[in-house]
Amino acid sequence: MGEVPALVPVLALAVFFVGFAAMLGGSVRALWRGQRWGRGPVITWQVLQGLSVLTLTGVPTALVVVAVLVAVASVVGVLWPSSRDYASGTRAPGAVV
């Protein structure tokens, strides 16, 4: 039989990742509601994902390209002028987005 991992580090990692997921979920919700503070965490996460996939070895090239394209598309989408206006509260009243 294998050794059982220590419980405290496993629980600490679980709490960390649940908190991280909640933070990203809150960021997406903030963007959906037109609050600009959500841009920072979303952009940071996408940049980290895009850069980290480039450092992996043994990953099919197509998967790397798709992951980088998704990261770039997400950052461009968040920084697109109409998206920035929506999340900054500077859109015209009654404007269709």
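Student: What should I know before reading the values?

Tutor: This is a predicted model, in which local features need pLDDT of at least 70 and side-chain atom pairs count only at pLDDT 80 or more, while totals for chains, interfaces and linings use all residues. Residues are numbered from 1 along each chain as its sequence is written, and side-chain values use heavy atoms, with hydrogens and water left out.

Student: Why does S27 count as buried?

Tutor: Buried means under 20% relative accessible area, exposed means over 50%, and partly exposed lies in between (1.4 Å probe, protein chains only). S27 has 0% relative accessibility, so S27 counts as buried. The residue sits in helix α1 (residues 7-32), helices being DSSP runs of H or I with at least four residues, numbered from the N terminus. Leaving aside neighbours within four places in sequence, S27 is in contact with W37, G38, P41 and V42, where contact means heavy atoms within 4.5 Å.

Student: Why is the pair of F16 and F20 called stacked?

Tutor: Rings of Phe, Tyr and Trp (its six-membered ring) pair if their centres lie within 6.5 Å, and planes under 30 degrees apart count as stacked, over 60 as edge-to-face and the rest as tilted. By this rule there are 3 aromatic pairs. The centres of the F16 and F20 rings are 6.2 Å apart and their planes stand at 15 degrees, so the pair is stacked.

Student: What makes the pair of F20 and W45 edge-to-face?

Tutor: The ring centres of F20 and W45 are 4.9 Å apart with planes at 70 degrees, so this pair is edge-to-face. The pair links distant parts of the chain, since F20 lies in helix α1 and W45 in helix α2, 25 residues apart. F20 is partly exposed, with a relative accessible area of 25%, and W45, at 29% relative accessibility, also counts as partly exposed.

Student: Why is α3 called oblique to α4?

Tutor: Axes are lines fitted to C-alpha atoms, for helices over the stretch in contact, and angles run from 0 to 180 degrees between N-to-C directions. The axes of α3 and helix α4 (residues 81-88) come within 5 Å and cross at roughly 60 degrees. That makes α3 oblique to α4, because angles under 35 degrees count as roughly parallel, over 145 as roughly antiparallel, 65 to 115 as roughly perpendicular and the rest as oblique. The contact is made by G77, V78 and L79 of α3 together with P81, S83 and R84 of α4.

Definitions and conventions: Helices (H or I, at least four residues) and strands (E, at least two) are DSSP runs, numbered from the N terminus.
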